[in-house]
Amino acid sequence: MIGTVLGKYKILEEIGAGGAATVYRAVDTAIDMEVAIKMLHENYFNKPKAVTRFLNDARTLGKLNHPNVIRINYVDIDKFYFVMELVRGVTLKQWISDHAGKNDDAKTRIAVQLCEALQYIHGQGIVHRDIKPHNIMIDSAGNLKVLDFGIAREGSSTMTADGSIMGTVEYMSPEQIGEEGNVDHRTDIYSAGMTLYEMFTGHLPFHIEEGGKESVWPLMKKIFSEPMPQPRDKNTAISKALNDVILKALHRDRAERHQTMTEMLEHLRTVKPWASFWTLRLRALRPKPVLAWSMAGTAAVLIAAGSILYFRDETASAPETSKSPRNRYDYEESLPVQKLKPGEKININTASASELKRVPGVGNTIARRIIGQRENYGRFKSINELLDVDGIKEKTFEKIKNHVTVE
Ligand SMILES: Nc1ncnc2c1ncn2[C@@H]1O[C@H](COP(=O)(O)OP(=O)(O)O)[C@@H](O)[C@H]1O
Ligand SMILES: [Mg+2]
């Protein structure tokens, strides 16, 4: 791929990769300007979900214009690549490890820029839904850029029936894990809170050990039931005010979080008075005030009920629900399964599968997530058979690279 010429663009080097796409540094030879090109892997060209996600990324970026959101310049929808501004810097993930132990003002400036970006994005009626340090870049001057709008959605409306959700569980709000049909901008507030938690403490409150044997299920249980460890307990240098901002954004019940990014930003400004001056730079560019998001009280109650279902799995009888929430998930990105080898025999823990089945409406989802952690799956014809569950709509189960894809 290096050296390949696509119209006026020449590929120079690979600079990043996600599940289905690779990002290259390239040059626009007409004006000798370096750019970034995101290109779908060839083996995903005929995968509708990957293509939809790719196009959604480009089209959503096309609607946005903000200094803290990556700018798109061009898309080729036949060859599946798009061209964007090149960030000369690092992902926030890398930045966090480079700044470990430092309690400098730079972290607050990053936090404010993230909130500014999301305030703008939400103001355009868009929910990003995959906010995490890997999808945020920091350039060498300390400017933040939000990337990767592959699963972004317009508005807070209920998802379409064939909608699916992907993402990294650690940064995902409880409602996004449990009831993705009912997710609004407050899911980004949670993910931003989680990003701030990691940035200021150097840790995630709940996580799966790298290469560890722990499945996603215990992690999800922690997200739903364990008290959030105080950021200040992990880093005593964190002020009470900052601790409060992070914990409020991370409230399990979204009705208790900051209700808008504007509110979170105002709260963040109380941490350091000068932080408000920093944001003046962006104010002139902000087009519209944030949408008046409707706070559906009933929806909040439903979400709370959905959460309870998760941790009631330990009791023998699961509560009845009149209507199960619709759940559809995809493994891409969230569950790399390096250990899976096609054709090997299954070794699923049926006890845990049936335990999960008792949780109405969410059993399938959890079970489907857990399968990604299993080492063997070849003997079963379908995922339904493998998990001993019904109601799964997907027809094929395929391993591509290190990811399992369900379509
Ligand atoms: N405009 C850019 N400039 C520099 N690096 C980028 C740019 N866009 C993406 N990257 C790098 O590529 C990685 C993957 O990009 P991303 O859009 O998140 O793809 P995916 O949808 O596959 O996750 C990012 O984490 C980042 O390291
Ligand atoms: Mg990404």
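Q: Let me start with a detail. In β10, what is the bridge partner of M137?
A: The partner of M137 there is K145. One thing to keep in mind throughout is that this is a predicted model.

Q: How many bridges hold β9 and β10 together, and in what sense do they pair?
A: Strand β9, residues 136–139, pairs with β10 over 3 bridges, in the antiparallel sense.

Q: What sheet are they in?
A: They belong to an open sheet of 3 strands, in the order β7-β9-β10, with antiparallel pairing. Its edge strands are β7 (89–91) and β10 (144–146), and each of these pairs on one side only. On average, neighbouring strands in this sheet are turned by 25 degrees against each other, if direction is ignored.

Q: Which helix lies across β9 and β10?
A: That is α3, which runs at about 35 degrees to β10.

Q: Now the other sheet. What is the strand order in the one with 6 strands?
A: The order is β1-β2-β3-β4-β6-β5; this sheet is also open, with antiparallel pairing. At the edges are β1 (5–6) and β5 (72–76), each pairing on one side only.

Q: What packs on it?
A: Helix α1, residues 48–63, packs on the sheet and touches β3 (21–28), β4 (33–40), β5 and β6. The direction of α1 makes about 145 degrees with that of β5.

Q: Which residue in the hairpin of β1 and β2 takes a positive phi?
A: G7 does, with a phi near 60 degrees; the hairpin has 2 residues between the strands.

Q: What about β2 to β3, how many residues does that hairpin go through?
A: The hairpin from β2 to β3 goes through 3 residues. Those two strands run antiparallel and are joined by 7 bridges.

Q: Change of topic. How many residues are in the largest nonpolar core?
A: It has 75 residues, and those with the most contacts inside it are I37, L114 and C115. Helix α3, residues 105–123, gives the most to this core, with 9 residues.

Q: Where does the core lie relative to the domains, and why?
A: It lies between domain 1 (5–85) and domain 2 (89–275), because both give residues to it.

Q: You mentioned I37. Which residues does I37 touch?
A: Leaving out residues up to four places away in sequence, I37 touches Y9, I11, V23, Y24, A26, Y81 and V83.

Q: Last topic, helix α8. Which residues in it are buried?
A: In α8, residues 240–249, the buried ones include L242, V245, I246 and A249. These four cover an arc of only 90 degrees around the axis, so they sit on the same side of α8.

Q: What do the buried residues of α8 pack against?
A: They pack against α5 (186–201), α7 (231–234) and α9 (261–269).

Note on methods
Residues numbered from 1 in each chain as written. Chains lettered and ligands numbered in written order. Predicted model: local features only at pLDDT ≥ 70, side-chain atom pairs only at ≥ 80, totals over all residues. Core = buried A, V, L, I, M, F, W, Y, C linked by C-beta atoms within 7 Å. Buried ≥ 20, exposed ≤ 12 C-beta atoms within 10 Å, placed from the backbone. Domains from an automatic or database assignment. Contact = placed C-beta atoms within 7 Å. Pairing = 2+ DSSP bridges. Axes fitted to C-alpha atoms, helices over the stretch in contact; angles between N-to-C directions. Arc of directions from axis to C-beta.
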